[in-house]
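Here are a few notes to read with the model open beside you.

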Amino acid sequence: MSLSSAIETGTQTVNGSQAAQMDEHVSASACPACLAAPSAEDLAKSGDIKGARIMLSLPTAHCAVCISDVERELHKQPGVRSARVNLTLKRVSVDAEPGVEPTPLIEALDRIGYEAHELDAGMLSATETDKRGRDLLMRIGVSGFAMMNIMLLSIAVWSGAESATRDLFHWISAAIAIPTVIFAGQPFFSSAWASLRGGRLGMDVPISLAIILASAISLYETSQSGHHAYFDAAVMLTFFLLVGRYLDYRTRAVARSAAEELAALEVPRATRLREDGSEETVPVGDLKPGEIIRVRPGGRIPADGAVIEGNSETDRSLLTGESLPVFAGPGSILSAGEVNLTGPLLLRVTAAGKDSSLHRMADLVAAAESAKTRYTSLAERAARAYSPIVHLLSFTAFGTWLWLTGGDVRHAINISAAVLIITCPCALGLAVPAVVTAASGRLFRKGLLIKDGTALERLAEVDTVVFDKTGTLTMGAPTPENLDDLSQEELAVAAALAGASSHPLARALFEAAGAMGVAPTPLDDLREVPGYGIEGRLGDQVLRLGRADWIGAEAGNATATHLRIGEAAPRSIRFVDSLRPGAEEAITAFKATGAEVWLVSGDVEGAVSDLAARLGISHWRAGALPHEKAELVGELTGQGRHVLMVGDGLNDTAALARAHVSVSPASALDAARTASDIVLLGQDLAPVSDATRIATQARRRIKQNFAISILYNIVAVPIALIGLATPLAAALAMSASSITVSLNSLRLK
Amino acid sequence: METLTFLIPISLFLGGVGLVAFFWALRSRQFEDPKGDAERILSDEFDDHPRQD
């Protein structure tokens, strides 16, 4: 009796810790079961109340105060009906009146110190993910319930129930187990069937075989009043494997959700001019060469085109990495993806859709992706070795025992089923997902989103890191560098001129002057000359702030604007791009691990070498074109290196796709985010180096988990082969190995 | 042994009640934001005036 009570408490701890562990996992990473849940509900609601649903990602939210702050602030905004933060997913869902735009909400949150990004709510509600997650959870619930009840009955049998009582207990177990296995085992059966039809022997084939064989034999044994029934093992196997399957599923669902649905920067619409000069808004896909489009200041250029009217400057940093705005006037050729900075432009479309430079970039990415060899994950390698061995062992046992006993089929099948059950794929099924869930949960809390399950494993192998400059190591936002060289008077004039423009350099100058306590001099006749600069008058002196050639100053290598007061010599105000927070830490940490750090940029040599010197990076390349970046990555890969590419621009996309593993910030272009494996949700770059550390640790844990389950098998399989495995031994081996594996995964720091 | 005729149905029934409760919790989306719920309990904002929505 003491044995049975020990087992009973044992079983309860099994269930208890399993539940605790699932809880831990639920909080460790986000819950996919609920991904689309709110939107589904709200879709139903929006049937009667029309309104806007806005989803924002909140990478920095982490506590109770954040929840109430964010919700209270959003409630104050006009038109907001309700807002609810989901801390697990780090997002807030806002129910608002029709016509409420996400931008003011993001700005409001920014003012109280929370970073927010827009998510595409339409895509969130369109996903079927939550259905699958809930379906799996439901099956876990059913098999967990069945497992506990059967285990209670089994304990009575193990502790010595005899004849009629044992048969009764077996029959009741059968009545619970058979429907459970049929319902809860479906995910395995269908995937095993799919892999068999495809002529492969996946992990699910031995799993399904073990579950079906164990249930069938037990049913037969029960009908013959046999001593051993494996109902508990069959159901337990289903339960543990479902848990592994669910963790695995959730990691992927969480990754898919936010990373791909960060809407932000893409331009889906364009303003087209009709024959009569009136405007209409059309989807970018409908643009045809020869049509005329209008691009307002601050807008992104939707298609390749030639300027026919208007002067402006464009920011091409996302396309080429150049930090200096480029002049655009009639005749200039602009590419899709550039940002129009100062004046309105009329463009004649030269190429749209498939022919545009944006699309050529996509072809480059496709080529880079095909050049990359497919990564075989540890789990796949394990499954590949595991399935044949298990089947071989089981059939050998069957054949040998058939021969030894002179044709006792019942005994031989019993033993081969015991072998299948005891080889315990549940530890293997949990070994990887449990670690990946724990690790990606930890990374998610640091603000990193893993889009691909194998990205962690690949990250662990990295020995070379390639950084892009503009927008990645730097914020892509300039700050004036040499304001101290200017006199107070000059500063006041410069501030007054800068205040009249929305050009990024002018804004930066105006804000910096304001921060220094400089009051702008009141000027007359202030006007912006789009594409050149700002002009004003003080008395009879003409004042100009703007491009070097317009002012009559010498154009330098660095990002600069120039100031001329009357006939005095022009003064230049140089700008530096501020470093992204955490950039230095990340680079120092990478160097400490012995990784080689590269800086590759499309920007001019001066800016790149300056930054390289500032951060202590010895390998750098300037003026790199998109395909050159990809080639550099390919070259390094060819030397047998495993490259981590960190970049944000369109010009990095091919390199991101080509690299062993890639990271892009949330502010990156859509295409760059899609091409990369990991998305950095916050501003800070420091988590990237943490990520490699956690990834290395995670890989070690996965390998340890494999070692643990192999060890259990080395002990248990011989026992099963010689026919000594009782249902009790099978249950013990299975639960013990599953739990050690799960606990080991949770050790991840 | 007669006790078994009561105990087994009772234990199955109680287990079934647990299962149904789990289904209910699942359907009413109580596993949606476990981390947020854990933090929300610390806020006294809606202690006196429950939120209307």
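Predicted model: local features only at pLDDT ≥ 70, side-chain atom pairs only at ≥ 80, totals over all residues.

1. Start with helix 7 (residues 163-184) of chain A and helix 9 (residues 204-223) of chain A, whose axes lie 10 Å apart at an angle of about 150°. An angle over 145 degrees counts as roughly antiparallel, so that is the label for helix 7 of chain A and helix 9 of chain A. Helix 7 of chain A passes helix 9 of chain A in a left-handed crossing.

2. Who does the touching here? From helix 7 of chain A, look for A:D167, A:H170, A:W171, A:A174, A:I178 and A:V181; helix 9 of chain A brings A:I211, A:S215, A:L219, A:T222 and A:S223. By class, this contact of helix 7 with helix 9 of chain A has six nonpolar, four polar and one charged residues.

3. Now turn to helix 9 of chain A and helix 14 (residues 409-422) of chain A: their angle is about 140° and their axes are 9 Å apart. That makes helix 9 of chain A oblique to helix 14 of chain A. Their crossing is left-handed.

4. For this second contact, helix 9 of chain A supplies residues including A:P206, A:L209, A:Y220 and A:E221, while helix 14 of chain A supplies, among them, A:R410, A:I413 and A:N414. The contact of helix 9 with helix 14 of chain A divides into eleven nonpolar, two polar and two charged residues.

Technical notes:
Residues numbered from 1 in each chain as written. Chains lettered and ligands numbered in written order. Heavy atoms only, no water. Axes fitted to C-alpha atoms, helices over the stretch in contact; angles between N-to-C directions. Helix = DSSP H or I, 4+ residues; strand = E, 2+ residues; numbered from the N terminus. Parallel < 35°, antiparallel > 145°, perpendicular 65-115°, else oblique. Left-handed = near helix turned anticlockwise from the far one by under 90°. Contact = heavy atoms within 4.5 Å. Nonpolar A, V, L, I, M, F, W, Y, C, P; charged D, E, K, R; others polar.
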